[in-house]
Amino acid sequence: MLTRNCLSLVLWVLFDGGLLKPLHPQPQQTLEGELRGNVVTAPERRTPAVRVKRGWVWNQFFVLEEYMGSEPQYVGKLHSDLDKGVGSVKYTLSGDGAGTVFTIDETTGDIHAIKSLDREEKPFYTLRAQAVDIDTRKPLEPESEFIIKVQDINDNEPKFLDGPYVASVPEMSPVGAYVLQVKATDADDPTYGNSARVVYSILQGQPYFSIDPKTGVIRTALPNMDREVKEQYQVLIQAKDMGGQLGGLAGTTTVNITLTDVNDNPPRFPKSIFHLKVPETSHIGSAIGRIRAVDPDSGKNAEIEYTIVPGDGGNLFDIGTDENTQEGVIKLKKPLDFETKKAYTFKVEASNVHLDHRFHSVGPFKDTATVKINVLDMDEPPIFSKPLYTMEVYEDTPVGTIIGAVTAQDLDVGSSVVRYFIDWKNDVDSYFTIDEMEGTIATNELLDRETTAQYNFSIIASKVSNPLLTSKVNVIINVLDVNEFPPEIAVPYESYVCENARPGQVIQIVGAADKDLSPAGQRFSFRLSPEVSTKPNFTVHDFRNNTAGIVARRSGYSRRQQELYFLPVVIEDSSYPIQSSTNTMTIRVCRCDSDGTILSCNVEAIFLPVGLSTGALIAILLCIVILLVIVVLYVALRRQKKKDTLMTSKEDIRDNVIHYDDEGGGEEDTQAFDIGALRNPKAIEDNKIRRDIKPDALCLPRSRPPAEDNTNIRDFINQRLRENDGDPSAPPYDSLATYAYEGNGSVAESLSSIDSLATEADQDYDYLSDWGPRFKVLADMFGEEESYNPDKVT
């Protein structure tokens, strides 16, 4: 085998003069190589002085995969013409797998594979070889590259990478309908031999399906496969290499094929007659029974629609489809009565909703069945003869008067006695009573239509044999009106007449209103009261249409003579008994223009200047109001301005200026600073009453004891201060504040000029009178003391 492979891959190498040409032209040399197996040799160089191309070349070597021999697998031999066989040349190997997978004999150049190789893991190896001098370690030839290919063997079976497969095909499909395509993959070399050529076949699933051996396409093999007979198929597929020949490797996979449903089966009732028993007390709209047609199809192909075929009793029932169970649900459309009819028979048709035109030839996709319903007799409540009772009664009818009756019967076999009573819900129901045996309704209180015009309550009937079975009916009682209220004027009782009204002029049209319920065609009549029928100022004209006109009988009405007129009007109705009333209208005399437009109706307007119209009066009043508003605004602005000035001065913090608007007070009224520190602490005020009111009577000047010569001016001032503070008649508009006191123990003593002289006698106070009015009080005080001196009294 190895010899055959080597011989098939022999390379004939033609050696030329070398890689590099010499400077001088040389005749071309043809080197003939010698091939032995996988060995390539080159002839000896004839001219050592000329560099020539290496004498050994090769393309590629081959090695078998999965080699299981005990010895390393021989790959090939490297040899150079420079190797004389004396051991002077050393062969080296490098590249993929060098030393680990492949080894080389350094002396002979033999290459061996020391490991088992797998082409599917690595199909080839690229290596480099070189011949070097064993003594000098210098290359004898340039390094050259070669390839070792791993030769494939059939060691991999085909595999279905996507298996197992799931597929579906509609039932009743023709032969050859496409189902699925499978694919197997062989890891062997497809370019070498038949190791990777796969052939498909079915091992299990025949005769229903077939497969194309080359493409792997699965198709149906039998016609009209019915899902209702068999739905699931499991097909075993084999893929074999080597073209399916003996010795080839094979792989298998499973294909699960499902037949999908088509509507190829009509619905069928399992029986032709369905019997149902229904109580007669069943409610309208309730389900009274179910029937079912069977359809072997699935999904939407099995959806069934049920209809009632018109016929006996079909109009009392209805049928629908339960979407979950596909059953026909029969419902009641009208009430049942055992005593009226005990059984009903009708037909029901079942058909498919979704039809498939391919199977119309099979036959109609529907079926019919008969339904028989037997009505069961039940103990029912009494039945009223009417669904609603309406009665009428006149108001003020005497208590106990029978106004009507209700009737209920027990229609069951062996009927029971019925009892009646009112369903009490509110106090209105107490206006009536009912006879529990006869069902007659009577009044229990006097009725008033104006209070309540209609009563609505319920009557309950129950069976004596079973009081729990009851029925209810509504009763409406309308209260009829009795003419008990007289008519009245419908418009306001006050009217007006112009001073320039003409005789016969209609000044007002009035109507009538009646609290009673006026019947159709009710007529009201109007006339003057008999007490004013002689020489009336006004009269009443009846228009015969339930209205009347107030007519002026004369002209020349004057407010100066009489402002108001009172006109009694009598109104009668036409009901029985006739009711009438006298209504007094007030007619006011007013001044009007020529068109009858009212200008004034007030008496005060008579005294206004002639020719002064209402518009002129309004203009005058408007001017007066405007003047008053201007005056008020002016006063308010003045006050606001004064207030803003005061507030501005109080908020000004740049200087301490105090504004006074009254005279007097002086420094005693200021709050800007504390003058307590300037006062003598020993001069305690005995009385702090403010003297800010004018005395009732003036008092003569009091005589004061003369001051001694050595009296301290401070004591003198304090004494005068106490006298003035305690004197209620002292003038409150001037005050004296003393700031000359400097305190006790001052080193500089007093700086006042008052103490500059030894005695008061040496001091002359006449100059105080020359200082102006501010020092007038002080000048008077010291001048009085001089005049009070007893030594000068004559």
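Keep in mind that the structure is a predicted model.

## Rings that meet

Let's start with the aromatic side chains. Searching the whole structure turns up 16 aromatic pairs. In one of them, phenylalanine 160 and tyrosine 200 sit 6.2 Å apart, centre to centre, with 50 degrees between their planes, and that makes the pair tilted. Phenylalanine 160 is in the loop between β11 (144-151) and β12 (165-170), while tyrosine 200 is in strand β14 (residues 199-204), so this pair ties together parts that are 40 residues apart in sequence.

Another pair, phenylalanine 317 with tyrosine 344, is edge-to-face: the centres are 5.6 Å apart and the planes are at 75 degrees. Here strand β22 (residues 317-321) supplies the phenylalanine and strand β24 (residues 343-352) the tyrosine, so parts 27 residues apart in sequence are tied together. Both phenylalanine 317 and tyrosine 344 are buried.

Rings can also join up in groups. Tyr431, Phe432, Tyr455 and Phe457 are linked into a cluster by ring pairs.

Charged groups meet rings as well. Lysine 122 has its charged end over the ring of tyrosine 125, 5.4 Å from the ring's centre. Over the face of phenylalanine 338 you'll find lysine 342, at 4.8 Å from the ring centre.

As a bit of background, nonpolar side chains tend to be buried together in soluble globular proteins. In this model, the largest nonpolar core has 25 residues, and the members that touch the most others are Phe269, Phe317, Ile330, Val348, Val371 and Ile373. Several elements give two or more residues to this core, including β19 (273-279), β20 (287-292), β22, β24 and β25 (366-376).

Which residues does valine 348 contact, if you leave aside its neighbours within four places in sequence? Among them are Phe269, Ile291, Tyr306, Ile308, Ile319 and Val371. There is also a second, separate core of 23 residues, and its members include Phe160, Leu180, Phe209 and Ile218.

## Two disulfides

A disulfide is a covalent bond between the sulfur atoms of two cysteines. The count for this structure is two, and here is how they look:

| Disulfide | Sulfur to sulfur | Angle about the S-S bond | Handedness |
|---|---|---|---|
| Cysteine 498 and cysteine 592 | 2.1 Å | -80 degrees | left-handed |
| Cysteine 590 and cysteine 601 | 1.7 Å | 110 degrees | right-handed |

What does the link between cysteine 498 and cysteine 592 tie together? Cysteine 498 lies in strand β36 (residues 494-498) and cysteine 592 in strand β42 (residues 580-592), so the bond connects parts that are 94 residues apart in sequence. With a relative accessible area of 8%, cysteine 498 is buried, and cysteine 592 counts as buried at 10%.

For the other link, cysteine 590 is in strand β42 and cysteine 601 is in the loop between β43 (598-600) and α2 (614-651), so this pair ties together parts 11 residues apart in sequence. Cysteine 590 and cysteine 601 are both buried. Count the bonded cysteines along the chain and the pattern is 1-3, 2-4. Cysteine 623, in contrast, counts as partly exposed, at 46% relative accessibility.

Valine 497 is also in strand β36, and at 1% relative accessibility it counts as buried. Beyond its neighbours within four places in sequence, valine 497 contacts residues including Ile507, Phe538, Tyr557 and Cys590.

Most residues other than glycine have a negative phi, and most peptide bonds are trans. Where does this model depart from that pattern? The bond from glycine 163 to proline 164 is cis, with omega near -5 degrees, and proline 164 sits in the loop between β11 and β12. Glutamine 206 and proline 207 are also joined by a cis peptide bond, with omega about 10 degrees. Proline 207 is in the loop between β14 and β15 (209-211).

Methionine 172 isn't a glycine, yet its phi is positive, at about 60 degrees. Arginine 544 has a positive phi as well, near 65 degrees, and at 62% relative accessibility arginine 544 counts as exposed.

Conventions:
Residues are numbered from 1 along each chain as its sequence is written. This is a predicted model: local features need pLDDT of at least 70, side-chain atom pairs count only at pLDDT 80 or more; totals for chains, interfaces and linings use all residues. Side-chain values use heavy atoms; hydrogens and water are left out. Rings of Phe, Tyr and Trp (its six-membered ring) pair if their centres lie within 6.5 Å; planes under 30 degrees apart count as stacked, over 60 as edge-to-face and the rest as tilted. Helices (H or I, at least four residues) and strands (E, at least two) are DSSP runs, numbered from the N terminus. Buried means under 20% relative accessible area, exposed over 50%, partly exposed in between (1.4 Å probe, protein chains only). A charge sits over a ring if NZ of Lys or CZ of Arg is within 6 Å of the ring centre and within 35 degrees of the ring normal. A nonpolar core is a set of buried Ala, Val, Leu, Ile, Met, Phe, Trp, Tyr and Cys residues joined through side-chain atoms within 4.5 Å. Contact means heavy atoms within 4.5 Å. A disulfide is a pair of cysteine sulfur atoms within 2.5 Å.
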